[in-house]
Amino acid sequence: MYIQGVKKKIVFCYLMVTMLLLLSVGITFAADTTLQYDLDENCEEIEEGIPVEVIAFGGFISEADFNNSGASFSQQNYEIGVTGGFFRMQYQNSQFNWHDTEKLKFGRDKSKDPWKSLNTLSFGMSIPIELSDAWFVMVDLDAYTGYEDRITSDSFGYSGMAMVGYTVNEYFKIYAGAGVNKDPLRWGFAPVAGIQYENDDWLIAIGFPSTVVQYRVVPEWIVRTEYSSTGGIYKLSKNSAAERNGFASIQGSVVGIYADWIPMDGLMISLGPEYHFDRSIRLYDKDGHRVGSKSKPDNAFGAALNISYGF
């Protein structure tokens, strides 16, 4: 998580941001889950309109076996999003290419692909609040749904996070907090903690659940490495070859090295290789009970391209 200085504003300013964003929510889908805002700038720009950032992402994960069983799959990911003010929306689609599915250790009908694509749609907001010159709070709320072919009442999940931060000096910030998540299967709790150092050239944010180290080579180019968790809970279709009306839990971790190019104000193009590891797939029936054992795909290389434009 990245943190920038935040400024306390009166309630009227926040309400205006909220109202204007709701009026413009039809722009299109959703944005990056990492938000960096200066409230003074946001509120001063109300007269000109809410600042908006549009993001498009594409990536792939190379073919990987399941514990040397002979069954394998590869994956392509696509994402589009928009951030406006404190709010964000995001849509992601993942396409799967399967091989030798009859050798899989999970699934109801192994003669067919377990699923061909999975989708995620999410809506969220991040609210930064300054308590003093040194202390600040960040509150993050999200609602999301993961599904194979259609959104259902039991495909939704909700999460919230509260974090307290302290500005040590102009370069260092530390933060700690906690998050709670209610997905279609269970409740979850996770700590949030880290330390951030930033100057004109370096950004080093080390913590949980994500870590970033980046260096600005020249004004137009940044080299960045990043670690984060991936995955989600997906509602399967009523005709699913894996588990009818069930759920698939897909989890993993990824580390990447990226080159960020900034050819003009507001535009960033990022490209780089990735390594996906600590991966797992587990099925659940429609009542949330485990079906079979956890399957672990092998580690795999991949690549990602991200384009963002703010205006």
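This note goes through the fold, cores, surface patch, salt bridges and backbone of the structure above.

1. **Basis.** This is a predicted model: local features need pLDDT of at least 70, side-chain atom pairs count only at pLDDT 80 or more, and totals for chains, interfaces and linings use all residues. Residues are numbered from 1 along each chain as its sequence is written, and side-chain values use heavy atoms, without hydrogens or water.

2. **Overall fold.** The chain has 2 helices and 15 strands. These are DSSP runs, numbered from the N terminus: helices are H or I with at least four residues, strands E with at least two. Of the 311 residues, 43% are buried. Buried means under 20% relative accessible area, exposed over 50%, and partly exposed in between (1.4 Å probe, protein chains only). Take contacts (heavy atoms within 4.5 Å) between residues at least 6 apart in sequence: 57% of them join residues at least 24 apart. The accessible surface comes to about 16,000 Å², and carbon and sulfur atoms own 58% of that. Areas come from the Shrake-Rupley method with a 1.4 Å probe; for residues, only the protein chains shown count as cover.

3. A nonpolar core is a set of buried Ala, Val, Leu, Ile, Met, Phe, Trp, Tyr and Cys residues joined through side-chain atoms within 4.5 Å. The largest one has 16 residues, and Phe-66, Trp-98, Phe-106 and Trp-115 touch the most other members. Strands S3 (87-99), S12 and S13 (267-284) each supply at least two residues of this core. Beyond four places in sequence, Trp-115 touches residues including Phe-96, Trp-98, Phe-106, Glu-148 and Leu-283.

4. Ala-162 lies in strand S6 (residues 156-167). Ala-162 is partly exposed, at 42% relative accessible area. Leaving aside neighbours within four places in sequence, Ala-162 contacts Met-138, Gly-177 and Ala-178. Ala-162 and Val-192 are 30 residues apart in sequence, with C-alpha atoms 8.6 Å apart.

5. **Surface patch.** Trp-202, Tyr-215, Val-217, Val-218, Trp-221, Val-223, Ile-257 and Trp-261 form a nonpolar surface patch, with about 710 Å² of accessible area together. Patch residues have over 30% relative accessible area and no salt bridge; like charges are joined within 9 Å, nonpolar side chains (Val, Leu, Ile, Met, Phe, Trp, Tyr) within 5 Å. Strands S10 (211-218), S11 (221-235) and S12 (247-264) each supply at least two residues. S10 gives the most, with 3. Tyr-215 is in S10 and is partly exposed at 31% relative accessibility.

6. **Salt bridges.** The count is 7, using a side-chain nitrogen of Lys or Arg within 4 Å of a carboxyl oxygen of Asp or Glu. Asp-142 pairs with Arg-88, the closest N and O atoms being 2.8 Å apart. Asp-142 lies in strand S5 (residues 135-147) and Arg-88 in S3, so the pair ties together parts 54 residues apart in sequence. Asp-142 is buried at 18%, as is Arg-88 at 6%. Arg-88, Asp-140 and Asp-142 are linked in a salt-bridge network. Lys-116 pairs with Asp-113 at 3.0 Å between the closest N and O atoms; Lys-116 is exposed at 54%.

7. **Backbone.** Most residues other than glycine have a negative phi. Asp-100 has a positive phi of about 55° and sits in the loop between S3 and strand S4 (117-130). Asp-278 also has a positive phi, near 50°. Asp-278 is in strand S13 and is exposed, at 58%.
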